[in-house]
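I opened this model to look up a few things. My notes follow in the order I took them.

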Amino acid sequence: MHPKGRSSRRTFLALTSGAIAAGGARGPRPGPRADQLAMLGGEKAVGRPMPRPVRFGEPERERLEEMLGQESLLYWKGPQTTLLIERFQGVCPLEYVQTCSSGSAAIHIAVMAAGIGLGDEVITSPVTDIGTVIGVLYQQGVPVFADLLPNSYNLDPEDVARKISPRTKAIIAVHLGGNPCETEALRLLADEHGLILIEDCAQAWGAIDRGKPIGTTGHIACFSLQNSKHVTCGDGGVVASSDDRFGPLLQPLGDKGMPRAGGDGLFHRFAPNYRMSEPQAAVAAGQLTRLDGIASTRSRLGDLLSEEIAGVPGIEPHDVATGSRCVYWFYMFRLRPDAFTCDRREFVRALAAEGVPASAGYIPVPLYGNPIFREHAFFAGRWPVKEMGLTDMDYASVSCPEAEAILGDGVRLVINEAMDEAWIRDVAAAIRKVSAHFSA
Ligand SMILES: *Cc1c(COP(=O)(O)O)cnc(C)c1O
C-alpha cells in the first residue's frame with residue numbers, strides 16, 4: 001500500500017466528472033489513484049504521447065527545388081553550400097568555414113589542421129560520441145581522457161590541467177547535451193600551455209556560451225548535421241575557425257589535400273575526401289532557418305524542467321552555467337544513490353510507466369571502457385604508436401570516477417521543440433511522484 005493516502009486534484013476532477021457523466025446516480029467509482037505509481041496500477045502522470053516535431057518542410061523544399069535547376073552538385077562555390085556557410089556564420093561568426101560529410105569528419109579535419117601527429121596527446125571527455133576521438137586516432141594521436149564535473153557532465157578544467165603532459169597538443173571540449181563547457185577556463189589553460197582548443201559542438205547547435213555563440217571561444221569549432229542532432233541533413237558537418245594558422249587549412253584538409261583556390265596543382269598535404277555535396281547543403285541551409293526557434297524552445301523547456309524538479313530530495317538537475325544557454329540535446333538528472341529504495345533501472349521503469357520517455361544513462365560505458373580501447377586494437381588489431389614506444393597509454397587501466405558515476409546514476413530524458421510547458425510540468429510531476437514513492 002502507498003504510504004500517502006491523499007488524493008490529488010487530478011483524481012478528484014476525474015472522479016467528479018465521471019460522476020457527472022454517470023448522472024450522479026451510482027456515485028463515484030473508485031478510479032486509479034493519481035499518487036499511485038502507474039507501474040502499480042495508478043493513473044499515469046503524463047497522459048498523452050510524446051509530442052514529436054515535424055522536422056522538414058517548406059524551407060528545405062525551397063532549397064532542394066532551386067538546387068535541381070543547377071548544373072553542378074559539387075560543393076565548391078555551389079549556391080546551396082554558399083548559402084549554408086552564410087547562414088552558419090549568422091549562427092557562429094567564424095571566418096573560415098568548411099562544410100563536410102559528418103561531425104566526425106569535422107573533428108578529424110580540425111585535428112589535422114591542429115597538426116596532431118604521432119604520439120601527440122589530445123585531452124577530451126570520455127563521455128561523448130566516439131566521433132570525438134576517431135580523427136585523433138587516425139592521425140596517430142593519443143586521446144587522453146579527463147574527468148567530468150558532476151552536474152554539467154562536461155570536462156573538469158582542474159582534471160584537464162592534471163592530465164597535461166609535455167606531449168599534450170590539444171584539448172577537445174565537448175559541449176555534452178548542448179550544455180556549454182567551462183570553455184573560458186579551458187581556453188586559459190590552452191593559452192598557458194600552448195595548446196589548441198577544439199570545440200565539439202555536435203550536440204550544441206544554437207547554444208550560448210556565457211553570452212557568446214557556441215564555438216567562438218576555442219581555436220576551431222566542429223558541428224554535426226547527423227540525423228539525431230536537432231538540425232540535420234541526414235549526415236553532414238561543419239568545421240570553422242577564425243585563426244589564420246588553422247582556417248586556411250580546413251578546405252584542403254576536407255578535400256583530399258587539394259586547395260581549390262591558389263594551389264599549384266600539386267599535393268602538399270595528405271587528407272581524406274570529406275566533402276559535403278549540394279543536396280545535403282540545401283537541406284542544412286533550410287534547417288538553419290529553424291534553429292533560432294528550435295534552440296530557444298529547447299532551452300526554455302529544459303530550464304523549466306530544472307526549476308520544476310529543483311529541491312526534489314535525491315534528484316540533481318542538469319546544471320547550466322549562469323549566462324549560458326543549454327539547448328538540451330538531452331536532459332539528464334542524477335539520482336543520489338542513497339536517497340532511494342530502488343535502483344536506477346527500477347526508477348527509469350517507473351518513469352516510463354508514467355508516460356515519460358526516459359532511459360538509464362547515456363552511453364553504456366566511458367569511451368575507454370569499450371573493447372576497441374581496452375585492447376588497443378585500432379589498426380588491424382594493432383596500435384602503431386604504442387608499438388613504437390611513443391605512448392604508454394593503457395586504456396584498460398584508465399579511470400574517471402565522476403564520469404563513471406554519471407553514467408551509473410544519470411537518468412536521461414527527451415526535450416524537443418514540439419513540447420510545451422504543460423508537457424514539461426507533467427514530466428516533472430512524474431519525477432516527483434516516482435521520487436516520493438521510492439524515497440528512502
Ligand atoms: C554526433 C556527435 C559526433 C559525431 O558526429 P557524426 O556526424 O555522427 O559523425 C561527435 N561528437 C558528439 C558530441 C556528437 O554528439
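**Confidence.** I began with pLDDT, the predictor's confidence in each residue, from 0 to 100. I took contact to mean heavy atoms within 4.5 Å. This is a predicted model, so I kept its rules: local features need pLDDT of at least 70, side-chain atom pairs count only at pLDDT 80 or more, and totals for chains, interfaces and linings use all residues. Residues are numbered from 1 along each chain as its sequence is written, and side-chain values use heavy atoms, with hydrogens and water left out.

The protein has an average pLDDT of 93, and 93% of the residues score at least 70. Over residues 1-26, pLDDT stays under 50. The model has 22 contacts beyond four places in sequence for that stretch. Where pLDDT is low, the predicted coordinates should not be read in detail.

I checked the UniProt record next. Its unreviewed entry lists Lys 229 under "modified residue: N6-(pyridoxal phosphate)lysine". UniProt positions are in the numbering used here, feature names are shortened, and annotations may be inferred rather than shown by experiment.

Where is Lys 229 placed? I found Lys 229 in the loop between β8 (220-224) and β9 (237-241). Helices (H or I, at least four residues) and strands (E, at least two) are DSSP runs, numbered from the N terminus. Lys 229 counts as buried because its relative accessibility is 7%. The cut-offs are under 20% relative accessible area for buried, over 50% for exposed, and partly exposed in between (1.4 Å probe, protein chains only). Not counting residues up to four places away in sequence, Lys 229 touches Arg 55, Ala 202, Ser 224 and Trp 329.

**Asn 179.** I then turned to another loop residue. Asn 179 lies between β4 (168-174) and α7 (183-193). With a relative accessible area of 1%, Asn 179 is buried. Which residues is Asn 179 in contact with, leaving aside neighbours within four places in sequence? I listed Ser 152, Asn 154, His 318, Asp 319, Val 320 and Cys 326.

**Cysteines.** I searched for disulfides, each a pair of cysteine sulfur atoms within 2.5 Å. The count comes to zero. Cys 201 is in no disulfide; the nearest cysteine sulfur, that of Cys 92, is 6.5 Å away. Cys 201 is buried, at a relative accessible area of 0%. Cys 342 also counts as buried, at 14% relative accessibility.
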